[in-house]
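Q: I've got a two-chain model open and I'd like to learn how to read it. Can you walk me through it, one feature at a time?

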Amino acid sequence: MQAFTYIVKYLVFPGFVFSAVVGLLTTWVDRKVTARVQYRVGPPWYQPFADMVKLLGKEVVVPVNARSTGFLIMPVVGLAAATLASTIIWLVNLRPEASFVGDSIVTLYVMTIPALALILGASASANPLGALGASREMKLLFAYELPLMISVLTTIMKVGSFSFEKILMYQEYNGVMLGSVSGVIAFIVMIFCAQAKLGFLPFDIPEAETEIAGGTHIEYSGAPLAIVRLNTAIMYVVMPLFIITLLWGGVNFIGWRILTSILKYVAIVVIMVLIKNTNPRVRIDQAVRFFWGPMFALSVIAMILAVLGY
Amino acid sequence: MSLGLKALKKSPWVFHVNTGACNNCDIEILDCLTPRFDVERFGVILVGSVRHADVLLISGPVTKNVLPRLKRLYDAAPRPIKVVAFGACGCKCGIFRDGYNVVGPLDKYIPVDAYIPGCPPKPETIISGIVKVLNQL
């Protein structure tokens, strides 16, 4: 019985189906805001769903030289990991007693798996541009994980616990982390790291459509491409929610807090879309220097301030 | 009509192939993405890889060097795929028809579903051509 409820939670609510729908709606918000920023009209709300259904109906091409098993299975592995991360974060937000020791660390680890799966899938595709995208994705992963982990540590240092439940409780009684100096600095660092994790401009270096023709996605077609895109859509739910949980008091579906929760989520998404629309793509060496230089310094400052109690 | 084809009508992803055009048609294609015409309203986006494409928009007379690549590109695209011959050169080789290295027109080598004439075609013409292709589905 216990196993059955876990499976329902993972597959339906708040796992796969729910996260996928929210994620696809978020990608619509992304495209619509992008269009409005560029003074266009933008696509209708069902556009991401139409894209998904269309891709599921297309032919699946597997390149002759590709390792077909790895090539086809890796998007599914990434999707499973993204869904797991989403399930954990939603569950601890909706029912804090579902939290377990060290779940913030588990989530942080699970969130890197989609990127790793994409690297392996692109390497298996036997395409030189795919390999180029994979190598760039790997460098980017090394670059942004460092400041991301240190800014997560900022919250953990201040609260003194690894579990999401304690972090949410602390913010409930002492005010949100975003109200303190260290919280604001960690927020800035995490927004940029989220930008890189989701593969958005200015850090869409691994996908770079005009430069290496889709990079890590280049050989995917039909259903695997749909899964890869769904993967990004679910990570689009996970990343803002992770930031809100750690720094902005979490989300909740009780009473009026449903409204503030949605507003927080949309606010973070819109900040990310605006960064995306006002910046050109940087080179991979510039990105690594940016994350290991200013972002690393900022996150260390945030951590020191948190230890000192600011 | 199956659900997949119905969805395809709502999100045709276009891959642009230049088989030796003079770049004027290519500029006109970008015009369709600007605020005045904004084809993303209908779900049309330009994609970077042929594996993601639903419509191949081919501009230019086919030159000797590009022909083998064009055939490989057509084979690499996932089905169902629609081919649109774009501009006067794509349709009938245009002013380059007597060129020493021109082996076109396009429809001698791969099946073409629609022709968009003009040198270069106006954005309105392009949108009308795309609508005609989608109505064939």
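Q: Let's start with contacts along the sequence. In chain A, what share of the contacts with a separation of 6 or more comes from residues 24 or more positions apart?
A: Bear in mind that this is a predicted model. In chain A, residues 24 or more positions apart account for 80% of those contacts. For chain B the figure is 82%, counted over contacts with a separation of 6 or more.

Q: And what is chain A built from, helices or strands?
A: Helices: chain A has twelve of them and zero strands.

Q: How do I judge the overall build of chain A from its radius of gyration?
A: You set the value beside what a compact globule with that number of residues would have. With 310 residues, that would be near 19 Å, and chain A has 19 Å, so the two agree. Along the principal axes, the C-alpha atoms of chain A fill a box of roughly 60 × 50 × 40 Å. As for burial, 50% of its 310 residues are buried.

Q: Now helix packing. What should I look at when two helices touch?
A: Two packed helices are described by the angle between their axes and the distance between the axes. Take α5 (residues 103-124) and α6 of chain A: they pack at about 175 degrees, with their axes 9 Å apart. An angle over 145 degrees counts as roughly antiparallel, and α5(A) and α6(A) are therefore roughly antiparallel to each other.

Q: Which residues make that contact between α5(A) and α6(A)?
A: From α5(A), they include L108(A), A115(A), L118(A) and I119(A). From α6(A), you'll find A134(A), M138(A), L141(A) and M149(A) among them. By class, the contact has twelve nonpolar, five polar and two charged residues.

Q: What about α6(A) and α12(A): how do their axes cross?
A: Here α6 (residues 128-159) and α12 (residues 284-308) of chain A have axes that come within 8 Å and cross at roughly 10 degrees. That makes α6(A) roughly parallel to α12(A). Their contact has 20 nonpolar, three polar and three charged residues.

Q: Over to chain B. How many helices and strands does it have?
A: Five helices and five strands. In sequence order they read α-β-α-β-β-α-β-α-β-α. The radius of gyration of chain B is 14 Å, close to the 14 Å that the globule rule gives for 137 residues, so chain B is as compact as a globular protein of that length. Its C-alpha trace spans about 45 × 30 × 25 Å along the principal axes, and 40% of the 137 residues count as buried.

Q: How do I read the sheet in chain B, and in what order do the strands come?
A: The five strands form an open sheet in the order β2-β1-β3-β4-β5, with parallel pairing. At the edges stand β2 (45-46) and β5 (114-116) of chain B, each with a single partner strand, so one side of each is left without a neighbour in the sheet. One detail to find: V14(B) has V55(B) as its bridge partner in β3(B).

Q: Which helix lies across β3, β4 and β5 of chain B?
A: That's α5 (residues 123-135) of chain B, which runs at about 175 degrees to β5(B).

Q: Can we zoom in on one residue? Is N18(B) buried, exposed or partly exposed?
A: N18(B) lies in strand β1 of chain B. You count the C-beta atoms around a residue: 20 or more within 10 Å means buried, 12 or fewer means exposed. N18(B) has 17 others within 10 Å, so it is partly exposed. Leaving aside its neighbours within four places in sequence, N18(B) is in contact with D26(B), S59(B) and G60(B). Its C-alpha atom is also 8.9 Å from that of P61(B), 43 residues apart along the chain.

Terms used
Residues numbered from 1 in each chain as written. Chains lettered and ligands numbered in written order. Predicted model: local features only at pLDDT ≥ 70, side-chain atom pairs only at ≥ 80, totals over all residues. Pairing = 2+ DSSP bridges. Helix = DSSP H or I, 4+ residues; strand = E, 2+ residues; numbered from the N terminus. Contact = placed C-beta atoms within 7 Å. Axes fitted to C-alpha atoms, helices over the stretch in contact; angles between N-to-C directions. Rg over C-alpha atoms; globule rule 2.2 N^0.38 Å. Parallel < 35°, antiparallel > 145°, perpendicular 65-115°, else oblique. Nonpolar A, V, L, I, M, F, W, Y, C, P; charged D, E, K, R; others polar.
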